[in-house]
Structure formats: structure tokens, C-alpha cells
Amino acid sequence: MLSKLPTVVIGAGPVGLAAAAHLNAYNQRFLILEKGGNAGSNILEWGHVQLFSPWEFNIDESAKKLLHQTDWNEPDAQKLPTGEELVTEYLKPLANLPQIKENLVYNAEVLTITKKNIDKMKSASREELPFVLYVLINNTVEKIEARAVIDATGTWNNPNPPFADGVWRTDGLNKKLHTHIPDFSKAEELFKNKHVAVIGSGHSALNSLNDLNELKDKYPATNISWIVRKQHAQEAFGGEKNDELAARGKLGSTTHQLVDNGQINVHSNFYVEEINEHDGSFEIQSSEGFTISEVDEIIVNTGARPDFSFLNEMRLDVSPIVESTKELAPLIDPNLHSCGTVRPHGEKELRQSEKGFYIVGVKSYGRAPTFLMTTGYEQVRSISAYLSGDYEEAKKVKLKLPETGVCQVNPSPRQLPLSGSESKGGCRSKRNSC
Ligand SMILES: Cc1cc2nc3c(=O)[nH]c(=O)nc-3n(C[C@H](O)[C@H](O)[C@H](O)COP(=O)(O)OP(=O)(O)OC[C@H]3O[C@@H](n4cnc5c(N)ncnc54)[C@H](O)[C@@H]3O)c2cc1C
């Protein structure tokens, strides 16, 4: 009975679609449920951003085999696509293949997942019972049964707050902040000649800073403040020339130059405690009592976190720190190492207490940064093999990841000189604008 049910894949992003391609290769029944109206819905929201991984790392092998059976033009392996190109040149053609399309439902939002007729507390026969997904389709909630569930829903819709304590305030401030990388070519009027603060130190923050600096070249009165919790901004630059992904390294190097040339005011070791609005401008306060005032726009690029709200009835093994699976946590916890490169992994590391349920893709990393699509493709290759009974294939590791060029175990605060316009904190006086 269970074996006749499909494996349900939640999310038609790159990793969800790759899971479908692998299950298809094993002749397994599958159904993809996608909240949005398109494949790659989340990616389309940052479609203007250029990826730092070239095409050779962005296409899943099983998906490629399927696409090569059609007249699909494989993109140049060395080129860097934008988010939009990733969707139009790869994800859409993949989702439109008959093998995938007839098993994909758009505008289908998974609201919750449980086991048939039992709740989380009941253990007897649990593994033999189907999963039941409550899915909102065309304003109606439908129940869909599955033999296994692969959650590839990403983290995009759950951005981290700017505040160091990790809590979003309930005062409506979130609507006034930019939580993504703005498309400055479309939002010039909003940002030109303004004082813009960027909070965060990951690749999205570096992207925002570089794009903002291009705007500053055109409108020199644009003033850029960069707020980081790190002791020194240098820690955010990554491996630079040593990074095996050249474009990722370059993002660090160009930001390094901007800081050294004083084009960006850096406030390191700055833990944001409050943001207040006065007469249309913001004042950002740190827990140490420093203040950055007269800020017109705030870009919050502090990463994202997984949404577990629809998984309440699932028995999860989640790291209390990183919110990834427990096995994966020591490999990606930034408190333990700074490598950024995570050894490839598969079904075993992603196994949950709920047999047959997996969290994959960027959500599998929990709150940890530096996820690469190619890691997700390896995850779902292994899980699909396991679900199809090919345990040998599931155990194999078939991926070599490009190194970031930085790897430090047990990172401790580094004694680096301050860079360019870097200052500790901001201004002590609330009246000072800096
Ligand atoms: C600006 C930016 C640049 C990046 N650059 C790179 C890069 O260069 N290289 C790289 O490898 N990675 C990059 N990444 C990381 C990249 O986002 C991921 O590698 C990739 O998008 C993860 O794919 P995913 O399938 O796990 O999740 P997503 O792409 O987020 O897909 C999740 C899908 O699930 C759907 N969904 C969500 N909730 C539900 C629900 N309840 N029910 C049904 N469907 C749902 C969403 O609509 C979405 O379509 C970048 C990320 C960002 C934000």
C-alpha cells in the first residue's frame, strides 16, 4: 500500500526539481508541490543578482540527462548566470519536461504534514503509515498521501532580523527595511545621494555593498555604512584570490578594496540592539551604546532561517544551534570552523527520526551560510537512491566542492589591523551623525 504512494517533493526550486529528476531516473512515483506559480519562484525574487557559481556547478546531472533528450541548449559551463537566467535557461525547461510537468502542481502550498490518523506521540506501526500533507490548492485544503516527503522549501521567505538578539520587533519596522538585495537599477530614486546602512557580512551583504558603490559612482553624495558583528571586516572577505569559485573570491576582493579606499564606512563589532525612526530617518543603536544616525535606508542582509511551523507533527532531529540536521551541524557550524566548504553528504547525514522524511537544499543548512546548489544536488541524488532501495549508490559521495580558500578550525577573534575607514562601533554621542 505504502509503496504505491508517491514521494512528495515540496518546492520546485533547483533542489526540489533535481530530486524529481533523480526519482524519475529510478522510475519512482513522485509529486512536486510548489507554492508559487513558477519553478524557481524564490530565485525570481533575486533574479537581477549574478550568481558566483558558474553553470558547471548549477545544473544537476540527472536533470541534464533528461534535458539532453530534448533540443535544450546547454549554457556555457564557465559563464555566471543571473538568478533570472538560472530560471529561464534551466529550471523552466526542466519543469516543462513531460516527465516532470505531469507530476508538478503550482500554487500548492503545504500547510502541514502528519502521519495518517496518528499524531506525533504514537509510535506503533508509525513507519508503515503514509504521510498526509494538508495542501492549499485554489483556496481549498486537500489531503495528499505520500510514502516519503522531501522538504526543499528553502529559507528565502524567513529572513533574519537586523537585531543581534535574533528577534524581529513587532512595531511594523520590518516593512520599512529592505531584507533582500535591492535592484538598484530600478530603485535609483530611493537610494541615490542617501545615507544607506547595510547590515550583515555574508555574500548578499557584499553584493549590496558593491551595487551601492556603483550607485555612489553615479551619485557621489551617496553615503554607505556597513554594520558587522565580526571583530574585523576582513573576516567577511573570504578566501579572495584563493577561492576556487573566482566570482565568489572577487566579491570579497572588491569589497576589501572599497573598504581600504574609504568608500564604505565600516562599523565592526557592532551588535544592533535598537532601530528608531525620527522625522523620516533611522538611528541604529548598538548594545555597547554606539549610535549611527541620520540613516535614510537600511538593507538587512543577515541571512535567513528555516521555517519549521508546518512540521510540528514531524519527529525532527534538528541541531539546537544551527537548526540543520544534527549530523550535519558539526560540519557547518560557524562557531566550530570557518571553512565555508562543507564536505559533501547524503541520505545518512540528512536522516530524521521520522523515517522517510528529509529536509534538503538550503533549508538543510538551517541558519548556517554558504550553501551551494551543487551540495543540494548531491543530497537528493543520495536520498533518491536510498528511497529506491539502491543503498550502495546512496552511500557513495559523488561531488567535489570548490574550496572557499579560508579554513580555520575553532575560529577565535583574529588580531587584524583595522582596514580603511573601519571603526569599532559608531558614535558615542547620539547627536553625532556618522
Ligand atoms: C542572492 C543569492 C545569491 C546566491 N548565489 C548562489 C550561487 O552563486 N551559487 C549557489 O550554488 N547558490 C547560491 N545561492 C543560494 C541559493 O539560493 C540556493 O543554492 C538555491 O536557491 C537553493 O535552492 P532550494 O531548492 O533549496 O531552495 P529555493 O530556491 O529557495 O526553492 C524553494 C522553493 O520552495 C517553495 N516553497 C516554499 N515553501 C513552500 C510550501 N510551504 N509549500 C510549497 N512550496 C513551497 C518556494 O516557492 C520555492 O520555489 C544564492 C542565494 C541568494 C539569496
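Modeller: Domain bounds here come from an automatic or database domain assignment. With that settled, the C-alpha centres of domain 1 and domain 2 lie 31 Å apart in this predicted model.

Colleague: Thanks! Which residues belong to domain 1, and which to domain 2?

Modeller: Domain 1 comprises 2-157 plus 304-395, while domain 2 covers 173-302. Nine residues of domain 1 and 11 residues of domain 2 take part in the contact between them, a pair counting when the C-beta atoms lie within 7 Å. On the side of domain 1 that touches domain 2, five residues are nonpolar, three polar and one charged.

Colleague: Now to asparagine 207. Why does asparagine 207 count as buried?

Modeller: The cut-off for buried is 20 or more other C-beta atoms within 10 Å. Asparagine 207 has 20 such neighbours, so it meets the cut-off and counts as buried. This residue sits in helix H7 (residues 203-218).

Colleague: What does asparagine 207 touch beyond four places away in sequence?

Modeller: Its contacts there are Val49, Ile181 and Leu251. Leucine 251 is 44 residues from asparagine 207 along the chain, yet their C-alpha atoms are separated by 7.1 Å.

Colleague: How do you know that E11 and strand E12 pair, and in what sense?

Modeller: Pairing needs at least two bridges. E11 and strand E12 (residues 281-286) share six bridges, so they count as paired, in the antiparallel sense. Across that pairing, glutamate 277 stands opposite phenylalanine 282 in E12.

Colleague: What is the order of the three strands in the open sheet?

Modeller: The order is E11-E12-E13, with antiparallel pairing. Strand E11 (272-278) and strand E13 (291-295) are the edge strands, as each pairs on one side only. On average, neighbouring strands of this sheet are turned by 15 degrees against each other, direction ignored.

Colleague: And through what do strands of a sheet pair?

Modeller: Backbone hydrogen bonds, in either a parallel or an antiparallel arrangement.

Conventions. Residues numbered from 1 in each chain as written. Predicted model: local features only at pLDDT ≥ 70, side-chain atom pairs only at ≥ 80, totals over all residues. Contact = placed C-beta atoms within 7 Å. Nonpolar A, V, L, I, M, F, W, Y, C, P; charged D, E, K, R; others polar. Helix = DSSP H or I, 4+ residues; strand = E, 2+ residues; numbered from the N terminus. Axes fitted to C-alpha atoms, helices over the stretch in contact; angles between N-to-C directions. Buried ≥ 20, exposed ≤ 12 C-beta atoms within 10 Å, placed from the backbone.
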